[in-house]
Amino acid sequence: MVHQAPTSIPWYVDAFDELYPLLYPHRDDASADQQIAALRSWLNLPPSQRVLDVACGAGRHLASLRRSGADAWGLDLSVPLLARAAARAECRGRVVRCDMRAIPFGPVFDLVVNLFSSFGYFQHDHDNQRALHEMAGVLRPGGRLVIDHIHADHLTRTLTRDSQSAHGSTTVVHHRTIEDQRVVKRSTITFEDGSTRRVTESVRLYQSRELSQMMKLAGLSDPTTCGDFNGSPLTDDADRMILTATRPR
């Protein structure tokens, strides 16, 4: 038996359910702690800064931010993933359900982070630009936005088209393609009883100059691109592309 949602539902509504962690079991708290520690050191962030984690998912990075002393909040659209986040002691009472194109906060944050390729979900670029405007709009003057995205050139050269993993009696098979400036991953989860769940993810790939221009259109200044959370340069070998920009004072 195949469980698959109607195709009219946007992929990001269907994909981020209670089974989503099976697709990324290697994304754990330890890696989140390493990334947040490197980011804080690179940007020289005071411990008590007010931070918003946009598309916080199950709260890995939000919990790490809270443990580091930040006055951190998270938002996401997924009810199942927000439930996981809210179950963490560090995140309890700190998560909000909303679409990133309509963030229900004023300009109160010192830092907004959007991590693990959580930008470029929408099919139309004007919706992605709108999301960026919303993130910029909740920054205080002098506040910074950090976007952690896929390094498109590196991915194009090194894309692993097919892979498989096992989680007890459950297997997950992934097939990846690049289509119309998007990386598309189609995953099939097969359970012990033979039933399956199919999940599609589709993320817009951007060049650094494109995202920098979008940040400027959102009213941010001084966009900078790096290749890791420690601020190292973007090289051909970097699989991540980290962009920062500032809301003018």
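Colleague: Is Asp71 buried, partly exposed or exposed?

Modeller: Before I answer, please keep in mind that this is a predicted model, in which local features need pLDDT of at least 70 and side-chain atom pairs count only at pLDDT 80 or more, while totals for chains, interfaces and linings use all residues. Residues are numbered from 1 along each chain as its sequence is written, and side-chain values use heavy atoms, with hydrogens and water left out. A residue is called buried under 20% relative accessible area, exposed over 50% and partly exposed in between, with a 1.4 Å probe and protein chains only. Asp71 has a relative accessible area of 26%, so the residue is partly exposed.

Colleague: Which residue meets the side chain of Asp71 in a salt bridge?

Modeller: In general, side chains of opposite charge can pair when their charged atoms come close. A salt bridge here is a side-chain nitrogen of Lys or Arg within 4 Å of a carboxyl oxygen of Asp or Glu. For Asp71, the N to O distance is 2.5 Å, and the partner is Arg94.

Colleague: How many residues apart are Arg94 and Asp71?

Modeller: Helices (H or I, at least four residues) and strands (E, at least two) are DSSP runs numbered from the N terminus. On that basis Asp71 belongs to strand β3 (residues 71-76), whereas Arg94 lies in the loop between α4 (79-86) and β4 (95-97). The pair thus links distant parts of the chain, with a separation of 23 residues.

Colleague: Is Arg94 buried or exposed?

Modeller: The relative accessible area of Arg94 is 16%. Since the limit for that class is under 20%, Arg94 counts as buried.

Colleague: How many salt bridges does a search of the whole structure find?

Modeller: Another example is the salt bridge in which the side chains of Asp33 and Arg67 meet at 2.7 Å, N to O; it links helix α2 (residues 29-43) with helix α3 (residues 60-67). There is also a network of salt bridges that links Asp14, Asp17 and Arg197. Over the whole structure, the number of salt bridges found is 15.

Colleague: Which residues are in contact with Gln49, leaving aside its neighbours within four places in sequence?

Modeller: Gln49 lies in the loop between α2 and β2 (50-54), and its relative accessible area of 15% makes it buried. Contact means heavy atoms within 4.5 Å. By that rule, the residues in contact with Gln49 are Ala70, Asp71, Asp110 and Leu111.

Colleague: How many aromatic pairs are there, and what is the angle between the planes of Tyr12 and Phe122?

Modeller: Rings of Phe, Tyr and Trp (its six-membered ring) pair if their centres lie within 6.5 Å; planes under 30 degrees apart count as stacked, over 60 as edge-to-face and the rest as tilted. The whole structure has 12 aromatic pairs, one of which joins Trp11 and Tyr12 edge-to-face at 6.0 Å centre to centre. Tyr12 and Phe122 also form an edge-to-face pair, with their centres 5.2 Å apart and an angle between the planes of 85°.

Colleague: Which residue has its charged end over the ring of Phe122?

Modeller: Phe122 is buried, with a relative accessible area of 4%, and belongs to one aromatic cluster that includes Trp11, Tyr12 and Phe16. A charge sits over a ring if NZ of Lys or CZ of Arg is within 6 Å of the ring centre and within 35 degrees of the ring normal. Over the ring of Phe122, 3.9 Å from its centre, sits the charged end of Arg101.

Colleague: What is the radius of gyration of the protein chain?

Modeller: The protein chain has 7 helices and 12 strands. The radius of gyration is taken over C-alpha atoms, and the globule rule is 2.2 Å times the number of residues to the power 0.38. That rule gives 18 Å for 249 residues, so the chain is as compact as a globular protein of that length, its own radius of gyration being close to the rule at 18 Å.
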